[in-house]
Amino acid sequence: MKPYPFTAVVGMPDLRLALVLSSISPAVGGVLVRGEKGTAKSTMVRALAGLLPSVDVVDGCRFSCDPVSPDPACPDGPHDGAAGHRRPARLVELPVGAAEDRVIGSLNLERALSEGITDYQPGLLAAAHRGLLYVDEVNLLHDHLVDALLDAAAMGRATVEREGVSVSHAARFVLIGTMNPEEGELRPQLLDRFGLTVEVASSRDPEQRVQVVRRRLAYEADPDAFAAEYAVSDAQLAADIEAAQRLLPSVKLTDEALRQIAEVCASFEVDGMRADIVTARTAVAHAAWAGRDEVSTEDIRVAARLALPHRRRRNPFDAPGISEEQLEHALQDAQPDEPGPPEGPDDGPDDDGPDDDGPGSGSAPPSTEDAQGGAGGDTQQGDTGGQPGGDRQHGMVERAGKAFRARAFEVKGTGEGERGRRSRAITDNGRTIGVQPSSVREGRPHLVATVRAAAPHQRARGRDGGGLRVRKQDLRFARREGREGNLVLFCVDASGSMGARARMREVKTAVLSLLLDAYQRRDKVGLVTFRGAGAELALPPTISVDAAASRLDELPTGGRTPLAEGLLEAARVLRVEAIRDPRRRPLLIVVTDGRATSGADAVARAHAAAGLLADVTAVVMDCENGKMRLGLAAELAGHLGADHVPLTEVAADALAGAVRARTSGRAA
């Protein structure tokens, strides 16, 4: 079936332009497409592959070497004088659950030990060389795989090292990732590695939505006829991209343009120099796309809108985006002063009009007025000064303060969950602590154990010198201990006893800090709240810490304290999650002063509910304050078998200070 044509996609000029610029200059560093589900992100990316020029490759080379300039370090080389053939550029899709060996390739340890031969099986990075590498839901991909992808995209090479054997090959591709922010964010360090970012959303214009549906139904009814209808426009766009690629090396980036780029990046206070480099490369690509041989202010404006929004995030709760007004001021401040005529009236032409040969003129490149990829508001979520919000569902809303570095909490024992940074676990990375049973046939090989397993059989296998004779059954695999991510479920008391403004502000600030810690440790988070007559699951378990922070910030307070109902709801959520995601161990954080006031037997019911959670690693964050304290939270912690942590000791600095004080007291 023919793929959906690129030019048939309705709207989304920002994404269209970003993909085109990355195709013109892969050195830009790829595109990250952020948006809600059902916005044709994947459709447009897959359609792009059909627009890329075909490539010449060496016959039989698994790494797609160019016959004119083959990779001298190609594992299938050397290719001097080798014949070649022409094939279309590839679109390689990387599934979320792909193993590391599938991505970067693998080495055959058996042949390396027995024959001394480096037998390398190429992975997806090799297949994507000189084409497109597409990662759907890149935010759900393991961080170490994202690191490997971005390293290869930046360096143009992929390297595999196993047990002292190293293989490297060329891996130059256009990297495109798509993600739904509702399912969790990428770390700012990984966001920075993507060259461009675009925010997409479905149109609210009924006419445009009708057009989208009509085209989709026509495509599904007859894909070949629909593709033929747009074949001419797709071919013209492909020719424009190829022409821009030819022009790209001759585009001039003047010192004045570089000064403007530096001024813009400095004005937005982005970290490091990658923003400047990417903006410069994007501006050059945009000039080539517009048919210009020199970078203009308009090229820099478009490049900044695409390259800077995601680099402004300092933490996961910051909103991406740049201020258009700030961008214009930075561009104007960097404009070189042009001396006017020495005397006489200024009757010359007005130079402030639009650039007639910029993108969007005629039928060539898209309008730069549409090229506002990723531009957004300049608001950030953080310290709101503790200003209370209005009445929400008959409760006062108190905002959180500025997050701090929280102390670390771990789940007891050793798990086998998803890779993360919180609790001890048996993982496929980390330090080697032993050897897996011989029945385990996957993971990283354990060289010493493999040699030991093969050594007793050498005579029977006819070895008379030379290399070690190794069979598949001799291979042993390492047992490694690393860290896993957990499910951190917050059970927060939002009753009237928590309603004092200063108190609730402290509570929300502490929980916000723990959410930030959960984000850094790759945890899944959920939020149960209880007040009034019962409890509710305010946020089902998710990897989107942003969503949890938003729900927390809007949490109202008031009413009685149904502590038992809150604990029962937490127990229900954990039972369901144990079925959905059995490998992810839970950590329950109960935020309360320990009071229970919903009924005559409220305290007894709360303690009975706590008994249902006795096998779950839990922490009771004690919010009781004042001189007269009842110690109810500590009593609840005893029934839960949980750690009791006063609210004032949630901060890591506070804990360190308490330890120092105790140590100095003992020394005295």
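Predicted model: local features only at pLDDT ≥ 70, side-chain atom pairs only at ≥ 80, totals over all residues.

Student: Okay, so which residues of α1 are buried?

Tutor: The buried residues of α1 are Asp-14, Leu-15, Arg-16, Leu-17, Ala-18, Leu-19, Val-20, Leu-21, Ser-22, Ser-23 and Ile-24. Because that makes 11 of the 12 residues of the helix, α1 is largely enclosed by the rest of the structure.

Student: And how far apart are the end C-alpha atoms of α1?

Tutor: They are 16 Å apart, and this agrees with the 16 Å that the 12 residues of α1, residues 13–24, should span at 1.5 Å a residue.

Student: Switching topic, which peptide bond is cis?

Tutor: The bond from Gly-77 to Pro-78 is cis, with omega near 0 degrees, and Pro-78 sits in the loop between β2 (55–58) and β3 (84–87). As background, most peptide bonds are trans, and most residues other than glycine have a negative phi.

Student: What about phi, then, where is Ala-40 and what is its phi?

Tutor: Ala-40 lies in the loop between β1 (31–35) and α2 (41–48), and although it is not a glycine, its phi is positive, at about 65 degrees. With 30% relative accessibility, Ala-40 counts as partly exposed. Arg-522, in the loop between α16 (501–520) and β18 (524–531), has a positive phi of about 65 degrees and is not a glycine either, but Arg-522 is buried, with a relative accessible area of 18%.

Student: Now charges: how many salt bridges does the structure hold?

Tutor: There are 27 salt bridges in the structure. One of them joins Glu-418 and Arg-583, whose closest N and O atoms are 3.5 Å apart. This pair links distant parts of the chain, 165 residues apart, with Glu-418 in the loop between β13 (396–398) and β14 (419–427) and Arg-583 in the loop between α18 (563–580) and β21 (586–592).

Student: Buried or exposed, what are Glu-481 and Arg-431?

Tutor: Glu-481 is buried, at 12% relative accessible area, whereas Arg-431 counts as exposed at 54%. Glu-481 and Arg-431 form a salt bridge, with 3.3 Å between the closest N and O atoms, and the pair connects strand β16, where Glu-481 lies, to strand β15 (residues 431–435), where Arg-431 lies, 50 residues away.

Student: Where do Arg-572 and Glu-569 lie?

Tutor: Both are in helix α18, 3 residues apart, about one turn of the helix, and their side chains meet in a salt bridge at 2.8 Å, N to O. In general, an α-helix has 3.6 residues a turn, so residues three or four places apart point the same way. Arg-572 is partly exposed, with a relative accessible area of 34%, while Glu-569 is buried at 15%.

Student: Which residues are linked in a network of salt bridges?

Tutor: That network joins Lys-524, Glu-577, Arg-580, Asp-581 and Arg-584.

Student: Last one, which residues form a negative surface patch?

Tutor: Asp-255, Glu-256, Asp-293 and Glu-294 form one. Of these, Asp-255 is found in helix α11 (residues 255–267), and Asp-255 counts as exposed, at 62% relative accessibility.

Notes. Residues numbered from 1 in each chain as written. Heavy atoms only, no water. Helix = DSSP H or I, 4+ residues; strand = E, 2+ residues; numbered from the N terminus. Expected span 1.5 Å × (residues − 1). Buried < 20%, exposed > 50% of the residue type's maximum accessible area, 1.4 Å probe, protein only. Patch = residues over 30% accessible without salt bridge, like charges linked within 9 Å, V, L, I, M, F, W, Y side chains within 5 Å. Areas by Shrake-Rupley, 256 points an atom, 1.4 Å probe, with all protein chains shown as cover. Salt bridge = Lys/Arg side-chain N within 4 Å of Asp/Glu carboxyl O. Lys, Arg positive; Asp, Glu negative; His and termini not counted. Charge placed at Lys NZ, Arg CZ, Asp CG, Glu CD.
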